[in-house]
Amino acid sequence: MKLTLSRHLPITALVGALASVGCKKSAPPSEGSSSAPAAQTSGGESETSKPPAASAESGGYQGLDSVADGGKITGTVSYAGKEADSKIKVSKDKEVCCVGCTGDEKPANALLAKGGKLSNAIVYLDGITKGKKLDPKPVSIDNKGCMFDPHVAIGYSGSDVVVTNSDSVLHNTHLVAQEGSKDLFNIALPKQGQTITKKLKRPGVIAVSCDAHDWMHAYIFSATHPYVAVTGADGAFSFTDVPAGKYTLKVWHERLGKKETAVEVAAKGEAKADVSFE
């Protein structure tokens, strides 16, 4: 299978373009409403704003009641490089934020690879226009221990993102879409246990950061179809009920950039699509 390396996105570009979830970093799409009393700042798109057109990242997907003779795609995302995860320096609110620190530092969780298998890679089919129905469940992001949990998550354009503050310090969760560096929301969470809900309107990668703690970073991929996944510790992903056809499978990682490969699914067949970052 032929692999084509897309243009590598250096982390500095991602930080500027992707921007933030909670306490501050890079970029991709979002939106919402509130469920707890307290200061809430809401910045972002107007109701008339429209997401960019075309491709599986941006819309035009048709959900079917059933997929006749659907196939399956399985694969693994690997990392063969020598780069290790970085450290973050905790510079404030240390009594809450530095639990688990060595000195004033703790892992950034920006490059997690064990046994050559890459975690937190977003894998999705681009160019798919119809298939199984989408179940647009809300995505939850928790400010916990002055880190975001989860570090990388899947949301759906048009559904909710639920932001919670589990800490006893102020967090200000900030979401920025990678496409066009679009500022989506600024969500102030001054109270422990506070939850605010917003609606994701734009598809693509959204950077989450915290304006109160500059080491905090996470990402949401706002999808328009169900053929999207985030790899776990085993680096594996799979898509079922894929209509027979030819597709482009894309992989995005915050530190390593993008890769893509062509994949063809036969009726009732299983295609293999392994991707490796060097």
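Predicted model: local features only at pLDDT ≥ 70, side-chain atom pairs only at ≥ 80, totals over all residues.
Visitor: What kind of aromatic pair do Tyr 219 and Trp 252 form?
Guide: Start with the geometry: the centres are 5.1 Å apart and the planes sit at 65°. Planes over 60 degrees apart get one particular label. So for Tyr 219 and Trp 252 that label is edge-to-face.

Visitor: How many residues apart in sequence are the parts this pair ties together?
Guide: Tyr 219 belongs to strand E20, while Trp 252 sits in strand E23, residues 245–253. The pair therefore links parts whose separation in sequence is 33 residues.

Visitor: Tyr 227 and Phe 239 have their planes at what angle?
Guide: Their ring centres lie 6.4 Å apart, and the pair is edge-to-face. Tyr 227 comes from the loop between E20 and strand E21 (228–230), and Phe 239 from strand E22. The angle between the planes is 90°.

Visitor: Is Phe 239 buried or exposed?
Guide: The cut-off for the buried class is under 20% relative accessible area. Phe 239 has 3% relative accessibility, so it counts as buried.

Visitor: Which ring does Lys 259 lie over?
Guide: Lys 259 is 5.7 Å from the ring centre. The face in question belongs to Phe 277.

Key
Residues numbered from 1 in each chain as written. Heavy atoms only, no water. Phe/Tyr/Trp six-rings, centres within 6.5 Å; stacked < 30°, edge-to-face > 60°. Helix = DSSP H or I, 4+ residues; strand = E, 2+ residues; numbered from the N terminus. Buried < 20%, exposed > 50% of the residue type's maximum accessible area, 1.4 Å probe, protein only. Lys NZ or Arg CZ within 6 Å of the ring centre and 35° of its normal.
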